[in-house]
Amino acid sequence: MRPLLIAHCRQLLTLRGPCGPRRGRQLRELGIILDGAVLIREGRIEAVGPTRRVERHPLARRAEKFDARDYVVLPGFVDSHTHLVFPSSRADEYEQRLAGATYEQIARRGGGILSTVVKLRRASPDALLNQARGWLAEFAAHGTTTLEAKSGYGLDLKSEIKILEVLRRLNREGPLEIVSTFLAAHVVPREYRRRPQAYVDLLVRRMIPTVASRGLAEFCDVFCDRGAFTPAQARLILTAARVCGLEPRLHAEQLARTGGARLAAQLHAVSVDHLERVNRDDIRRLARANTISTLLPGAVFHLGKSTYAPARALIDAGAAVALASDFNPGTSPTVSMPMILSLACAQMRMTPAEAIAAATLNGAHALRRADHLGSLEPGKQADLCAFELCDYREIPYYFGVNLCRWTLKRGQAIYDATGRFQP
Ligand code: NIG
Ligand code: FE
């Protein structure tokens, strides 16, 4: 295939720089090139720089050229927290919440996650696959090129495997890259309500080893919160997972502060997500940890709450902050990373630059894929998205409108509102 030269980008956000996750002031460094160009060969980035320089590259002469003068071009979003596979919306519960019921009250009545579980267990793999495939096209249309996706709506071995196999098929068929996480520790299923410890045992002895031995997931997650799992249970589950080769991540401090953030730092979890209720001590620990602090403002927004995670305090203390959609039917039904950036800026006082770095490079770190994703540098995968804008700050500034115009995955257009990319 001919090389591809994306030239004359109005602003090219390279995110180039040191290889670790961005912390503190580094989170604002986008490595912007005005009138920038990216040269792509075989799905990888060959060269990046000012257009007049990249044009002189020996491969550029025979490259197919795309004039990107109307676009701000950046790495594709790496959405490091989604619950992609679910059978249907929970618009009924949405309405109940608007009338005053809380998320936890609905869950205690057997709604919430458990109502999705009932429907998922009955759904066919093909129905789940088709539904997720439709959402993936929407992710691509909003600039996302890689996403993490969790199981967690099956809660028995057969149904959890059904979800993870759907994810495996979606990842194989492409074009988006999907990273799978095993989340059977989402809540205790109805059949174990009176003996939660027996469910933890089942997870540890049977479910985790089976999922790991079949290579169905790379990470193991626990919803460590009030009404879900305790830090002691999470520790048992994640320790067993690590022995089997599944790296730990956690949902923590969303509904109440239970000590999950502290546990994540102690376990050197890959990421700890939500964090709305962390205290000063948690922030200090996260600032010193390798664990990525992933913030999910979409869930706070959709639940109509006003307590967002303390992004400013986390960033200023030195935590490695990422942003993700948390796409799921209960708390965050959005695929739009641009909307997440708008929320991060308006509600958590992140700067536009910080939000972009958190949604690209630090997202890639949260998935242990920063060696080939998250920035536009020679040798990395050619995953990029383009917004028809004059300035990158307009990505969060305009909200509720999709200004992403094209998205490339491994150098191929997976979304193209311009009709200018070759099929
Ligand atoms: O990340 N908090 C736990 N899990 C999801 C919600 C899942 C659901 O309600 O279906 C979350 O917010
Ligand atoms: Fe989640």
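Guide: A residue counts as near a molecule if one of its heavy atoms lies within 4 Å of it. Please note that the model shown here is predicted.

Visitor: With that in mind, how many residues surround ligand 1, and which are the closest?

Guide: Ligand 1 is surrounded by 15 residues, and the closest are Arg90, Tyr103, Tyr153, Asp326 and Thr331.

Visitor: How does that shell divide into nonpolar, polar and charged residues?

Guide: Nine residues of the shell are polar, four are nonpolar and two are charged.

Visitor: How far is the polar side-chain atom of Tyr103 from an oxygen atom of ligand 1?

Guide: The distance for Tyr103 is 2.5 Å. For Asp326, an N or O atom of the side chain is 2.8 Å from an oxygen atom of the ligand. His251 also places a polar side-chain atom 3.2 Å from a ligand oxygen.

Visitor: And how much of the accessible area of ligand 1 does the protein cover?

Guide: On its own, ligand 1 has 330 Å² of accessible area, and the protein covers 100% of that. The ligand sits in the largest cavity.

Visitor: Turning to the metal, which residues coordinate the iron ion?

Guide: The iron ion, ligand 2, is coordinated through NE2 of His81, His83 and His251 and through OD of Asp326, at 2.1 to 2.4 Å. The spacing of these donor residues in sequence is H-x1-H-x167-H-x74-D.

Visitor: Where in the chain do His251 and Asp326 lie?

Guide: His251 belongs to strand 10 (residues 247–252), whereas Asp326 is in the loop between strand 13 (321–323) and helix 13 (337–348). The two are 75 residues apart, and the pair links distant parts of the chain.

Visitor: A change of topic: which residues does a cis peptide bond join?

Guide: The cis bond joins Gly174 and Pro175, with omega about 0°. Pro175 is located in the loop between helix 6 (157–173) and strand 8 (177–185).

Visitor: What is phi of Glu42?

Guide: Phi of Glu42 is near 50°, which is positive although the residue is not glycine. Most residues other than glycine have a negative phi. Glu42 is found in the loop between strand 2 (32–41) and strand 3 (44–50).

How values were computed:
Residues numbered from 1 in each chain as written. Chains lettered and ligands numbered in written order. Predicted model: local features only at pLDDT ≥ 70, side-chain atom pairs only at ≥ 80, totals over all residues. Heavy atoms only, no water. Polar contact = N/O pair within 3.5 Å; in protein donor to acceptor, adjacent residues only side chain to side chain. Areas by Shrake-Rupley, 256 points an atom, 1.4 Å probe, with all protein chains shown as cover. 1 Å grid on protein atoms, 1.4 Å probe; cavity = no way out; pocket = protein on both sides within 12 Å on 5 of 7 lines; lining within 4 Å. Sits in = over half its atoms within 2 Å of the grid points. Nonpolar A, V, L, I, M, F, W, Y, C, P; charged D, E, K, R; others polar. Donors = N, O, S within 2.8 Å, 3.2 Å for Na, K, Ca; no water. Helix = DSSP H or I, 4+ residues; strand = E, 2+ residues; numbered from the N terminus.
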